[in-house]
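Open the model in your viewer and keep the selection panel at hand. The tour goes stop by stop.

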Amino acid sequence: MRTLVVDTGQDIVGIFCVEDKRYIPYRASDIPSAIEQIREEDEVVTYNGKHHDLEELGKFAGMPAGQELPLAGIHTDIRSICWSDRIWGSSLRNTYSIHFTELPDFPDTHEGSNELDVFMTFKLWELWKEGRLKIQDGQDVIPSAP
């Protein structure tokens, strides 16, 4: 099973492959390659992907506005798990700070910001897989086995 942690920006798709421990930013003509990877993987992890990233990926793939990118595997939205869709909860950075005291340094660039978001999402996903994610007002979802 392969798991990708994904974050989208205006012109960037960042992917961290959990098994390879590798982050790759995709821009411009490389984004279709990212879309194909995301579409085919066993698990795609996002923070607020149900209401942002999957629609952005759909736009990048040329789908009609508001249509989500279809996935072959499962989608794990850490925001929905931690906060629920009822209250929307808090930002990725604030949610991360509930669980961790220090934020690692990443370059102060568009790519660095994307990589930071992917990193924070990954670390929250790890906590969830370990059963240590603080569920604020979210789904009491049991993570699937690795």
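In which strand does Asp-7 lie? Select Asp-7: it lies in strand S1 (residues 3-8). Strands here are DSSP runs of E with at least two residues, helices are runs of H or I with at least four, and both are numbered from the N terminus.

Before moving on, note the ground rules. This is a predicted model, where local features need pLDDT of at least 70 and side-chain atom pairs count only at pLDDT 80 or more, while totals for chains, interfaces and linings use all residues. Residues are numbered from 1 along each chain as its sequence is written, and side-chain values use heavy atoms, leaving out hydrogens and water.

**Stop 1: around Asp-7**

Asp-7 has 12% relative accessibility, so it counts as buried. Buried means under 20% relative accessible area, exposed means over 50%, and partly exposed is in between, with a 1.4 Å probe and protein chains only. Now show the neighbours of Asp-7. Leaving aside residues up to four places away in sequence, Asp-7 touches Ile-12, Val-13, Gly-14, Asp-53, Asn-114, Asp-117 and Val-118. Contact means heavy atoms within 4.5 Å.

**Stop 2: helices H4 and H5**

Select H4 (residues 92-99) and H5 (residues 110-129); their axes come within 10 Å and cross at roughly 45 degrees. Axes are lines fitted to C-alpha atoms, for helices over the stretch in contact, and angles run from 0 to 180 degrees between N-to-C directions. H4 and H5 are therefore oblique to each other. Under 35 degrees counts as roughly parallel, over 145 as roughly antiparallel, 65 to 115 as roughly perpendicular, and the rest as oblique.

Show side chains. From H4, Leu-92, Arg-93, Thr-95, Tyr-96 and His-99 take part; their partners in H5 include Leu-116, Phe-119, Met-120 and Leu-127.

**Stop 3: Gly-49**

Move to the loop between strand S4 (43-46) and helix H2 (53-60), where Gly-49 is found. Gly-49 is buried, at 0% relative accessibility. Beyond residues up to four places away in sequence, Gly-49 touches Leu-54, His-75 and Asp-77. Glu-68 is 19 residues from Gly-49 in sequence, and their C-alpha atoms are 9.5 Å apart.

**Last stop: cysteines**

Select Cys-17 and Cys-82. Cys-17 is buried at a relative accessible area of 5%; Cys-82 is buried too, at 0%. How many disulfides are there? The count is 0, taking a disulfide as a pair of cysteine sulfur atoms within 2.5 Å.
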